[in-house]
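Morning, everyone. Please look at the screen while I talk.

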Amino acid sequence: VRGTTLLERVGTDVKIRDQDGDGLAEVVVGVYRGEVATGLNEGLVRVYDGGTIAGSPWGFDATSEDPERTIEGPSSQARFGQAVAVIDDANGDGVRDLLGLAGFDSANGIQAGGLYYVSGAGSSALRPLEIPGVASGHQVGRGIGLQDMDGDGVLDLVAGAPGAGTDQDGANTGRVFVYAGSGPGFESSP
């Protein structure tokens with residue numbers, strides 16, 4: 001899997017997991033400076049079908065350089081794809097879903113950042129997760145983790161915001177938001 005344009009940054013984040021339930025792992029690739037006709041540095045997430053990946057003596061080679069699916073970021077300069085995750089089926093359609101993070105998304109303030117849910121069943125529509133208290137410059141989405149933080153057996157979402165800060169702590173001290181897992185998805189606020 002290779003980049004297609006100068007400074008595209010293919011592989012900003014990579015996750016390998018069977019996303020479509022066929023028993024073969026898909027490769028989900030963040031391309032945080034990927035561009036489409038609608039915006040500069042919009043960012044992309046590309047999903048490569050596990051069925052097009054074959055073993056080789058040096059690891060894995062894609063038999064097709066074309067992704068099965070490309071998901072475009074929410075807006076110009078959002079840098080969608082800085083972090084990606086394949087999560088359990090959150091909408092009940094039987095297919096694992098995706099999370100994409102856009103650390104420079106400005107929907108909630110200049111470079112506030114954003115977390116976006118995408119259905120795994122082929123739709124490329126982005127659904128933002130609520131991030132209360134986030135202000136310009138927080139850059140939520142620069143890091144992501146999935147871990148059962150509260151011991152209930154359900155994965156929780158942990159998202160970094162390196163530009164966040166408070167009056168007490170100072171600017172750019174950073175914050176980490178934890179979204180509790182709820183069945184197959186996550187609570188909409190931390």
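First, the ground rules. This is a predicted model, where local features need pLDDT of at least 70, side-chain atom pairs count only at pLDDT 80 or more, and totals for chains, interfaces and linings use all residues. Residues are numbered from 1 along each chain as its sequence is written, and side-chain values use heavy atoms, with hydrogens and water left out.

Now the sheet. Four strands make an open sheet, in the order β7-β8-β9-β10, with antiparallel pairing. Strands here are DSSP runs of E, at least two residues, numbered from the N terminus. Two strands pair if DSSP finds at least two bridges between them. The edges are β7 and β10 (127–128), each pairing on one side only.

Take β7, residues 80–87. Eight of its eight residues are buried, meaning under 20% relative accessible area with a 1.4 Å probe, protein chains only. Six antiparallel bridges join β7 to β8, residues 97–102. Across from F80 is A102 in β8. A85 faces L99, also in β8.

Next, the rings. How many aromatic pairs does the structure hold? One. Rings of Phe, Tyr and Trp (its six-membered ring) pair with centres within 6.5 Å; planes under 30 degrees apart count as stacked, over 60 as edge-to-face, the rest as tilted. F80 and Y116 have ring centres 6.3 Å apart and planes at 85°, so this pair is edge-to-face. The pair links distant parts of the chain: F80 in β7 and Y116 in β9 (residues 114–118) are 36 residues apart. Both residues, F80 and Y116, are buried.

Last, the charges. A charge sits over a ring if NZ of Lys or CZ of Arg is within 6 Å of the ring centre and within 35 degrees of the ring normal. R79 has its charged end over the ring of F104, 4.6 Å from the centre. R127 has its charged end over the ring of Y117, 4.7 Å from the centre.

Terms used
Buried < 20%, exposed > 50% of the residue type's maximum accessible area, 1.4 Å probe, protein only.
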